[in-house]
Amino acid sequence: MAGEATKALSNDVLWGGGRSPFSISYGKMMMWFFLVSDALTFSGLLVSYGFARHSTTEAWPIGEEVFRALPFLHGSYPLVYVALMTAILIFSSVTMVLSVEAGHRMDKKGVIKWLFLTVIGGAFFVGSQAWEWSHFIHGGGGYITTPDGGKYWVHNDTHDTHDPANAPGFHLVKARPGHYLLPAEGEHAHVEGAQAKALWASRVAYIDGANMTRNEYGPPQYANFFFFITGFHGFHVFSGVVINLIVLLMVIRGVFHRRGHYEMVEKAGLYWHFVDLVWVFVFTFFYLL
Amino acid sequence: MERDDIIEYSLDAHHGEEEGRRIRRKIWMVTLLLAVVTTVEVALGAYWKEWMPGSWHLVKWTFVVLTIVKATYIVMTFMHLGDERRNIRAIILLPYALFLLYLVFIAIWESNYIHRVWTEFL
């Protein structure tokens, strides 16, 4: 990129006072400092997730087994939905950097076009996250535990979780030992009819979906980390969409054109890329590993 | 009052059509790279058990390395940090990297001990 930062300057000029030795404006530098501190917050969350997972003596759920649903479709699509969300966020990052590039050419129309697409992409991502949260909270039917320490997944045809035993197609599937989400293998794993109803009646607990104290996917901490990490990130995305929208309105009104530079787009862009950057890490350390 | 202590560095951050074409080309190349890496990660996450069973450690470290590759391209190209002066680059990246390496090290180290205490004494 052409500009002040790439100019060759002697050290005397650079560090001689009267100018920033970084050849960077105050606003951009402060945005970078904020991003470093925000990155530390996210690092703290992800490292504590790693700590919890590494020290646990229980089984810990695996991303590809928890997140395998798609809207409007039945069946198992491991990680496909999260991958779509990642793609949406990366592409909205690309439109943002194109908007910044247009700003460096003082191309107001280009800035508006790409920034508008960025806002749309961000809104799509927040919406996708709302769906994922809803799906995570409602769960897939839940499981019961029995007095002899058994664990059975609850199934019925209508996905009824209020009175599943009286719903059509009610049956239980034994859980595989040592695994949170996988069913046991073989014929004996399926329990139907009166036997299933007797097991249901003898249940110690029925755990269905997810909340802050317990969830059907794994240890309580698993859902808590899911809510905190993706929630904190989602809030960043939401803030980013609002900021981008405000900047877009200012661009349309010609504020930055009159000012002579589009640095505000660049600063909002730094924040927006950071949100994408964080998601890259959340995607790896929460969903993949 | 007119301030004379501010140099408007941003007024200098302009480029022409020719330079713009080159930059856009770079942006699209990085986009392609990020898309390919993400696709590889998802495919590996979903199918590694069929493709290379039992090699979870290799898969895990592949994820970590690919993530750092992606992060580098986002920070250096999309956030233009590669185009800034070396001193601001160092001020942003070095303290963060040093602190984070320590944090990751201490968290993994300590969680190992806690895991052992919970398995052996509880």
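A: The account below begins with the core and then turns to the interface and to the chains around it. The model is predicted, and for that reason local features need pLDDT of at least 70 and side-chain atom pairs count only at pLDDT 80 or more, whereas totals for chains, interfaces and linings use all residues. Residues are numbered from 1 along each chain as its sequence is written, while chains are lettered from A and ligands numbered from 1 in the order in which they are written.

A nonpolar core is here a set of buried Ala, Val, Leu, Ile, Met, Phe, Trp, Tyr and Cys residues joined through C-beta atoms within 7 Å, and a residue is buried if 20 or more other C-beta atoms, placed from the backbone, lie within 10 Å of its own. The largest such core has 63 residues, of which A:Leu115 and A:Val265 touch the most other members. Two or more residues each come from α2, α4, α5 (108-138), α7 (220-252) and α9 of chain A, together with α1 (17-51) and α2 (56-78) of chain B; helices are DSSP runs of H or I with at least four residues, and strands runs of E with at least two, numbered from the N terminus. The most is given by α9(A), with 16 residues. Leaving aside residues up to four places away in sequence, A:Leu115 touches A:Ser99, A:Asn244, A:Val247, A:Leu248, A:Val251 and A:Val265, where contact requires C-beta atoms, placed from the backbone, within 7 Å. A second, separate core of 7 residues includes A:Tyr143, A:Tyr152, A:Val154 and A:Leu172.

At the interface, 50 residues of chain A are in contact with 51 residues of chain B. On the side of chain A that touches chain B, α2 (26-55), α4 (80-104) and α9 (263-288) each supply at least two residues, and the largest share, 10 residues, comes from α4(A).

As for the chain as a whole, chain A has 9 helices and 5 strands. Its radius of gyration, taken over C-alpha atoms, is 25 Å, well over the 19 Å that the globule rule (2.2 Å times the number of residues to the power 0.38) gives for 289 residues, so chain A is more spread out than a compact globule. The C-alpha atoms of chain A fill a box of roughly 85 × 40 × 25 Å along the principal axes, and buried residues make up 36% of the 289 residues in this chain.

Definitions and conventions: Contact = placed C-beta atoms within 7 Å. Buried ≥ 20, exposed ≤ 12 C-beta atoms within 10 Å, placed from the backbone.
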